[in-house]
Amino acid sequence: MRSLIDILDLSREEIDDLISTACDIMDHPDQYSEICKGKKLATLFYEPSTRTRLSFEAAMYELGGNCLGFSEANSSSAAKGESVSDTAIIVSNYADIIAMRHPKEGAPLVASMKASVPVINAGDGGHNHPTQTLTDLLTIYKECGTFDNLTVGLCGDLKFGRTVHSLIAALSRYDNVKFVLISPDELKVPDYVKDQYLEPKNIEYKETEDLESVIPELDILYMTRVQRERFFNEADYIRLKNRYILTPQKLVPAKKTMKILHPLPRVNEISVSVDSDPRAVYFRQTLYGKFIRMALIMKLLEVQKK
Amino acid sequence: MIIGTIVNGVVIDHIPAGRGMELYSKMKLDRLECEVALIKNAPSGKCGKKDILKVNEEIKINYEILGYIDPRITVNIIKDGQRVKKLHPALPETLIDVIFCRNPRCITSVEQEISHVFRLTDRENGIYRCVYCDAQAEKKEK
């Protein structure tokens with residue numbers, strides 16, 4: 001029985017297989033519509049989410065399965081003080097697979113140690129969010145056709161942005177990927193991320209505060225939101241939240257083939273007027289998210305297309 | 001200073017000077033009924049000064065703690081007044097409830113019954129990270 005807690009729980013080959021399955025689901029959805037019939041997904045969401053929870057549920061329904069769960073801690077036994085471990089044991093009796101989001105880092109790992117069914121980390125605080133990374137990878141693959149030889153710009157909150165850390169970890173396993181890390185000094189990528197994934201492989205990267213000066217180099221621009229909930233100090237959030245706002249004007253020197261990704265939700269870091277630019281793929285990205293989650297649920301439930 | 005000879009027990013030697021009491025606490029030696037001696041700042045040919053712990057009883061040694069404090073520590077097993085074994089603890093791969101995660105965002109900060117588990121991620125620099133949140137353990141004082 002496998003769980004997915006960290007994107008690095010999956011080998012590069014396994015990720016390639018998931019992407020291949022997701023592409024096949026997109027091409028032949030009918031062949032997958034009853035593959036999880038009789039199976040149940042429990043979505044245990046201890047903090048708010050729209051895309052992740054709904055895309056998990058949509059994924060399970062499109063595989064012919066069913067869903068149960070809660071969407072905030074107050075409507076669960078956590079409000080009465082039940083531990084994550086106990087909840088995981090109990091929910092294992094009701095569901096075949098669990099997707100868990102929790103504000104505390106490591107909670108899904110704790111759940112996976114106690115649950116008797118696979119656990120998917122659907123985001124643990126500012127730590128990991130492997131299914132967002134799988135979504136990002138499928139988006140890049142579908143939009144660019146490859147992972148190799150890309151220059152990937154990551155912009156915004158690179159300190160607390162869990163999607164950024166996981167994406168760096170995943171892309172660092174492909175050939176000749178270069179990173180441009182664009183953030184204010186206070187929100188730089190933590191040293192441990194660079195020490196773990198970039199330095200040992202001598203992966204080329206540079207850090208800058210200036211988006212405009214580097215945008216012509218990029219094949220991918222991955223924008224992130226400065227997240228209010230990650231700050232202990234409101235004043236710091238207000239000072240940093242408007243640091244980067246992507247506008248059509250800033251996109252003028254960018255490559256015509258560049259793709260703009262965003263894990264969403266956005267606040268104001270991408271102007272609405274960018275949405276109609278053909279380089280903006282962040283809404284399609286959410287659709288890819290459903291297909292890669294379908295592929296992941298199938299893998300962890302060990303079901304295959306007949 | 002003369003400390004009585006141990007007949008059956010353990011001598012933990014080459015403890016970095018000043019860290020004997022920490023080891024005494026972490027190994028919970030205060031709970032033993034037998035004679036336990038902590039010698040501080042004993043002269044050492046190798047490192048100038050060292051601490052030594054002598055326990056006059058066969059005890060189960062937690063080598064994880066010893067290796068974490070300093071892999072240069074030596075453990076001498078004494079039987080019938082003779083040293084029968086000399087061991088060098090290595091830097092352990094995993095530490096369970098030896099050090100504690102201080103990250104307020106970690107699940108261990110709210111669920112008290114979870115063991116604090118750290119994994120060695122950089123042997124060269126002796127860096128441990130929490131398995132739950134990846135926070136780096138605070139550096140040991142040398």
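Which residues of strand β8 (residues 220-223) of chain A lie on one side, and which on the other? The first legend answers this; all the views show a predicted model.

**View 1. Strand β8 of chain A is covered on both faces.** A:Ile220 and A:Tyr222 lie on one side of the strand, and A:Leu221 and A:Met223 lie on the other. These four residues are all buried.

**View 2. Strand β8 of chain A pairs with strands β5 and β9.** Strand β5 covers residues 151-155 of chain A, and its pairing with β8(A) is parallel, over four bridges. A:Cys155 has A:Met223 of β8(A) as its bridge partner. Strand β9 covers residues 259-261 of chain A; β8(A) pairs with β9(A) in the parallel sense as well, over three bridges. Here A:Tyr222 is bridged to A:Leu261, which belongs to β9(A).

**View 3. A:Ile220 sits in strand β8 of chain A.** A:Ile220 counts as buried because it has 24 C-beta neighbours inside 10 Å, where 20 or more are required. Apart from neighbours within four places in sequence, A:Ile220 is in contact with A:Ile140, A:Leu150, A:Val152, A:Gly153, A:Met258, A:Lys259 and A:Leu261. A:Ile35, by contrast, is 185 residues from A:Ile220 in sequence, and the two C-alpha atoms are 34 Å apart in space.

**View 4. Helix α6 of chain A is mostly covered.** The helix runs over residues 162-171, and nine of its 10 residues are buried. Among the buried residues of α6(A) are A:Arg162, A:Thr163, A:His165 and A:Ser166. The buried set also includes A:Val164, A:Leu167, A:Ile168, A:Ala170 and A:Leu171.

**View 5. The largest nonpolar core holds 116 residues.** A:Ile98, A:Met294 and A:Ile297 touch the most other members of this core. Helix α10 (residues 282-301) of chain A contributes the most to the core, with nine residues. In soluble globular proteins, nonpolar side chains tend to be buried together. Not counting residues up to four places away in sequence, A:Met294 touches A:Ala22, A:Ile25, A:Tyr32, A:Ala59, A:Glu62 and A:Leu63.

**View 6. Chain A is assigned two parts, domain 1 and domain 2.** Domain 1 takes in residues 7-128 together with 287-301, and domain 2 takes in residues 130-285. The C-alpha centres of domain 1 and domain 2 of chain A are 25 Å apart. Where the domains of chain A meet, 22 residues of domain 1 are in contact with 20 residues of domain 2. On the domain 1 side, α1 (12-27), β4 (119-124) and α10 of chain A each supply at least two residues. The largest share of that side comes from α10(A), with seven residues. By class, the domain 1 side divides into 13 nonpolar, six polar and three charged residues.

View 7. For the complex, the predictor gives an ipTM of 0.85 and a pTM of 0.86. Chain B has a mean pLDDT of 88, and 94% of its residues reach 70 or more.

Methods. Residues are numbered from 1 along each chain as its sequence is written. Chains are lettered from A and ligands numbered from 1 in the order in which they are written. This is a predicted model: local features need pLDDT of at least 70, side-chain atom pairs count only at pLDDT 80 or more; totals for chains, interfaces and linings use all residues. A nonpolar core is a set of buried Ala, Val, Leu, Ile, Met, Phe, Trp, Tyr and Cys residues joined through C-beta atoms within 7 Å. A residue is buried if 20 or more other C-beta atoms lie within 10 Å of its own, exposed if 12 or fewer, and partly exposed in between; C-beta atoms are placed from the backbone. Two residues are in contact if their C-beta atoms, placed from the backbone, lie within 7 Å. Two strands pair if DSSP finds at least two bridges between them. pLDDT is the predictor's confidence in each residue, from 0 to 100. Domain bounds come from an automatic or database domain assignment. Ala, Val, Leu, Ile, Met, Phe, Trp, Tyr, Cys and Pro count as nonpolar, Asp, Glu, Lys and Arg as charged, and the others, Gly among them, as polar.
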